[in-house]
Amino acid sequence: MVDRDAMARGREVFDPIADRLCALPGVDIGRMFGTEGLRIRGKVFAFVVHNGSLVVKLPERRVGEVVGEGVGAPMVMRDRPMREWAEIPLDAGAERWVQLIDEARVFVDSITP
């Protein structure tokens with residue numbers, strides 16, 4: 001179920017970050033899991049989900065660190081935690097979102113030909 005208010009609050013934080021990053025070479029907006037997300041050379045690295053949380057693609061080890069720090073949780077799809085995707089709630093703060101989105105961009109850039 002989509003919480004449109006929560007998603008709008010998440011987009012209020014995400015959209016200015018996305019605007020800044022879309023000025024970088026190879027970065028644009030595309031579709032992922034039914035929403036729009038940031039991509040680098042066609043590979044998605046960050047997006048806002050139905051509950052307003054941020055989802056970022058990070059190395060599996062880093063997802064574990066983020067979870068261990070209590071900042072987020074593994075993204076779960078169809079009852080399965082995704083190894084390289086972390087879900088970060090809005091209350092983690094805009095600065096944390098900026099940091100993790102930048103980490104995700106660098107990671108996906110490094111693994112995308």
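In the hairpin of strand 3 and strand 4, five residues lie between the strands, and Gly52 takes a positive phi near 90°. Helices (H or I, at least four residues) and strands (E, at least two) are DSSP runs, numbered from the N terminus. This is a predicted model, in which local features need pLDDT of at least 70, side-chain atom pairs count only at pLDDT 80 or more, and totals for chains, interfaces and linings use all residues. Residues are numbered from 1 along each chain as its sequence is written, and side-chain values use heavy atoms, with hydrogens and water left out.

Gly52 sits in the loop between strand 3 and strand 4. Its relative accessible area is 3%, so Gly52 is buried (buried means under 20% relative accessible area, exposed over 50%, partly exposed in between, with a 1.4 Å probe and protein chains only). Leaving aside residues up to four places away in sequence, Gly52 touches Ala6, Met7, Gly10, Leu90 and Trp97; contact means heavy atoms within 4.5 Å. The C-alpha atoms of Gly52 and Ala8 are separated by 7.0 Å, although the two residues are 44 residues apart along the chain.

**The strands**

Two strands pair if DSSP finds at least two bridges between them.

Strand 3 is mostly covered, as five of its six residues are buried.

**Helix 1**

Helix 1 covers residues 4-21, which is 18 residues, and reaches 24 Å from its first C-alpha to its last, close to the 26 Å expected. The expected span is 1.5 Å times one less than the number of residues. At Glu12 the helix bends by about 30°, and Pro16 follows within four residues; the bend is the angle between axes fitted to the seven residues ending there and the seven starting there.

The buried residues of helix 1 include Ala6, Met7 and Gly10, and these three are among the residues that Gly52 touches. Taken together, the buried residues of helix 1 pack against strand 1 (27-32), strand 2 (35-40), strand 3 (43-48), strand 4 (54-57) and helix 3 (94-111).
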